[in-house]
Protein chains: 2
Amino acid sequence: MRDIYIYNTLSRKKELFEPVSKGMAGIYVCGPTVYGDAHLGHARPAITYDVLVRLLREEGYKVRYVRNITDVGHLENDADSGEDKIEKKARLEQLEPMEIAQYYTIRYHRAMDKLNTVPPSIEPRASGHIIEQISLVQKILDSGYAYISNGSVYFDVRKYNTDHKYGVLSGRVIDDMISNTRTLDGQDDKHFPLDFALWKKASPEHIMRWPSPWSDGFPGWHLECSAMSEKYLGREFDIHGGGMDLMFPHHECELAQNTASRGCGGVKYWMHNNMITINGQKMGKSYGNFITLEELFTGNHKLLAQAYSPMTIRFFILQAHYRSTLDFSNEALAAAEKGLKRLMQACRDVMKLTADEGAPSIAEIAENREKIFSALCDDLNTPVAIAHLYELVRLVNQIKDKTSKINAEDLGLLRDSFKDIVMDILGLEDEQAESENAGMFDKVIEMVLEVRRQAKKNKDYATSDKIRDRLSEAGITIKDTKEGTEWSI
Amino acid sequence: MRDIYIYNTLSRKKELFEPVSKGMAGIYVCGPTVYGDAHLGHARPAITYDVLVRLLREEGYKVRYVRNITDVGHLENDADSGEDKIEKKARLEQLEPMEIAQYYTIRYHRAMDKLNTVPPSIEPRASGHIIEQISLVQKILDSGYAYISNGSVYFDVRKYNTDHKYGVLSGRVIDDMISNTRTLDGQDDKHFPLDFALWKKASPEHIMRWPSPWSDGFPGWHLECSAMSEKYLGREFDIHGGGMDLMFPHHECELAQNTASRGCGGVKYWMHNNMITINGQKMGKSYGNFITLEELFTGNHKLLAQAYSPMTIRFFILQAHYRSTLDFSNEALAAAEKGLKRLMQACRDVMKLTADEGAPSIAEIAENREKIFSALCDDLNTPVAIAHLYELVRLVNQIKDKTSKINAEDLGLLRDSFKDIVMDILGLEDEQAESENAGMFDKVIEMVLEVRRQAKKNKDYATSDKIRDRLSEAGITIKDTKEGTEWSI
């Protein structure tokens with residue numbers, strides 16, 4: 001096992017990864033709220049933490065990877081008011097909320113499969129853990145950091161802030177926020193604007209509701225992650241990942257809930273991926289500028305110049321460091337497509353190379369392999385890893401062009417490196433295998449038509465007619481035009 | 001909407017389907033216990049109720065199709081003792097039970113996708129509905145048909161049987177069973193052997209446990225279906241499906257729970273598919289004679305003579321009526337494969353037929369179409385429907401062979417019939433589309449090699465060499481041998 005360094009949002013520096021239990025890694029990642037199709041902004045955390053899981057497994061860790069499905073409690077304005085996002089969608093489409101959740105969960109899984117992300121070890125649903133969430137609310141009430149108001153329960157941020165520091169994760173100076181915020185005028189159940197809901201009393205028309213000691217209602221959005229991460233990963237676990245937009249209020253509240261109920265923050269390493277932007281603006285469902293993954297895969301969106309394959313999207317995301325913003329453009333995606341093509345060609349070529357017995361050892365294979373792993377272990381620095389990977393691509397091309405030779409041992413290491421890094425850790429699949437066969441077919445047909453043209457020129461009509469008839473039997477129609485011969489299946 | 005008749009296990013006769021709400025159909029089907037791979041015995045209910053859902057939708061019903069995932073509470077011996085099946089698997093593999101459930105849920109979904117079954121509208125998990133189950137236990141306690149014993153809660157079968165009839169669904173004469181059964185000797189928490197668990201107190205090492213008014217424990221196996229069907233389909237809903245092996249005790253207990261808590265059986269039509277047998281014996285995980293779907297798809301099992309495609313399995317199952325037993329054999333599957341091939345060929349051929357303007361109308365198209373729908377609406381009589389479908393296949397072949405002619409209107413109806421029946425209702429997909437393209441490629445290459453042979457015979461070496469070189473460029477190697485020319489990619 002190599003040393004792995006992770007940038008911890010909590011300490012704002014890279015730290016050596018030292019898991020709670022030797023050889024094990026417990027990871028919790030915030031998954032989707034299932035009320036719409038996954039977009040490019042969902043692909044980034046999915047792929048980032050997928051590479052983390054793959055790297056840890058490659059390094060020999062036994063990984064338990066938990067990613068939740070939010071199917072209740074996420075209100076429209078991400079604060080504590082507005083309609084539940086899923087209930088609203090269900091109401092508009094005249095369906096039961098769980099039909100909406102099921103529909104978009106299936107579509108999310110399909111999109112994630114296309115992106116070749118490994119499924120989580122456990123995928124808990126918020127609605128499936130109401131008991132655990134009610135028990136957590138009770139613990140926070142018992143610890144004195146929450147209050148009941150009209151059947152709802154709220155987290156008491158001011159009280160918590162006097163004993164602990166609210167804002168440690170996001171770096172917000174909450175004291176200032178508190179002193180700058182006027183108390184509420186009594187229209188709200190909250191005592192104070194920064195307080196957040198742990199349990200909400202359901203209005204009469206609300207469908208998703210469960211009995212609790214305080215009211216028939218539903219859990220607050222932040223609660224599920226505290227409850228389910230503790231259930232499946234323990235009181236203190238290793239890594240919590242998510243998008244930077246979740247840092248505040250979601251993760252800040254989660255950390256406060258953990259501290260109030262368990263007496264510790266619960267998470268050793270908080271990781272946050274940066275946003276994908278379009279013309280510098282965050283991409284998100286609530287911004288209306290999002291492109292769904294399906295639209296990207298089909299090219300069916302006004303902002304798209306073409307379709308981009310799942311692996312192009314994956315490579316595009318990996319070409320940037322996860323903590324940098326990544327701006328969407330057709331140019332950048334086309335460049336990723338081109339770079340990926342070169343890389344995958346090398347993956348195929350390396351398998352076809354032959355070893356030369358007398359060839360001297362090539363030190364740069366092991367060197368680059370080590371640089372790549374170092375970069376990956378250095379807070380998942382995929383762009384640096386990919387740069388070194390291209391050194392290996394260059395080497396493959398030299399050997400293919402016979403400007404270099406390679407011995408059997410080196411060739412073995414080179415092949416292993418492509419497999420370990422490209423396939424196993426970066427998770428890139430060869431999408432061209434199929435389209436390559438299609439290309440082969442095209443070439444054969446073009447050749448056949450050329451032979452036919454030549455036969456006609458030689459007045460060998462027996463041959464030219466035979467070719468036309470046999471193609472037709474096989475299901476291929478040809479048509480002679482002024483510009484040449486067209487063919488179709 | 002045609003009249004649909006369903007054999008109701010409860011009345012032991014076919015009944016006209018009259019839904020609770022006009023135009024809507026609520027269906028609940030017992031899904032898998034996720035502790036092992038899906039086998040042929042799981043494919044049958046999945047495909048049977050899939051065709052039911054497809055037929056109802058084709059007839060214009062708005063269908064809510066609920067199929068559960070059992071991830072807790074199903075004990076080893078299907079009665080109330082032994083270890084939880086999922087916990088046992090988790091213990092053997094040193095995993096958390098939810099990791100086992102997730103692993104096999106994903107594999108189940110993949111197998112179901114291959115069989116082209118439509119996903120359920122809602123797929124509730126037993127572990128995600130503990131509150132609903134606890135509330136149901138409380139209702140049954142309140143109604144007097146359950147008792148608490150050492151922290152567990154049991155259904156009081158004798159008490160229930162005095163007021164209602166226990167055994168109405170399975171047709172067992174419970175009075176005889178009761179009088180023939182000696183009371184327990186006190187080693188069991190149950191008062192009486194036929195009583196069944198509603199809530200089980202968890203032993204200290206048991207992982208899956210939740211707080212309840214009676215103990216930290218887990219729900220009895222039968223409880224989830226009563227609780228979740230009521231939650232998502234209402235107090236009384238239309239159709240409950242499942243395998244015949246679930247009729248007793250599972251569905252019998254479910255019906256008793258419903259009656260004890262809701263005051264009615266809850267289900268209008270109980271449907272049960274018969275079993276798949278191997279040499280006359282039921283196929284099941286607990287019998288050790290099961291063949292998983294993956295093994296069938298790959299042919300990787302000692303009982304299998306070859307691999308069988310998902311659509312062959314689907315067609316094999318549809319060739320028998322769902323209430324008949326279906327005996328597994330390689331011969332029967334090979335016959336299904338052949339029959340399917342003929343059917344799919346007709347599906348492709350019908351699209352290529354051309355209409356003849358003057359052709360007289362062919363009455364048997366509409367007649368057979370109607371016979372097929374009548375058979376399907378007659379308690380899903382798929383074998384009769386398929387027999388009539390072959391009449392349409394015969395017609396397609398006659399027109400293809402030019403022994404019959406068809407006018408445009410009839411051709412439209414014929415095409416629609418294949419689409420509506422084969423694709424939409426029977427849910428058969430064309431698996432040959434891909435392999436047909438492969439066949440096309442083979443034909444072209446054979447023709448190219450023949451042209452090359454002819455060129456060589458004519459001493460036109462420019463052409464024969466050009467063909468060899470261009471094939472090689474395209475990635476196809478040819479080798480001249482005594483027997484002829486071999487080619488490979």
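This is a predicted model: local features need pLDDT of at least 70, side-chain atom pairs count only at pLDDT 80 or more; totals for chains, interfaces and linings use all residues.

1. Residues are numbered from 1 along each chain as its sequence is written, and chains are lettered from A, with ligands numbered from 1, in the order in which they are written.

2. Chain B is superposed on chain A by a rotation of 179° with 0.0 Å of shift along the axis, at an RMSD of 0.7 Å (least squares on the C-alpha atoms of residues with pLDDT of at least 70 in both copies). That is the relation of a two-fold axis. Of the residues of chain B, B:Gly128 comes closest to the rotation axis, its C-alpha lying at 1.7 Å.

3. Helix 3 of chain B, residues 97-114, has 18 residues and spans 26 Å from first to last C-alpha, close to the 26 Å expected at 1.5 Å a residue (1.5 Å times one less than the number of residues; helices are DSSP runs of H or I of at least four residues, numbered from the N terminus). Helix 3 of chain B is followed by B:Asn116, whose phi is positive, near 60°.

4. Helix 4 (residues 130-143) and helix 8 (residues 247-262) of chain A pack at about 70°, with axes 8 Å apart (axes are lines fitted to C-alpha atoms over the stretch in contact, and angles run from 0 to 180 degrees between N-to-C directions). That makes helix 4 of chain A roughly perpendicular to helix 8 of chain A (65 to 115 degrees).

Key:
Helices (H or I, at least four residues) and strands (E, at least two) are DSSP runs, numbered from the N terminus. Angles under 35 degrees count as roughly parallel, over 145 as roughly antiparallel, 65 to 115 as roughly perpendicular and the rest as oblique.
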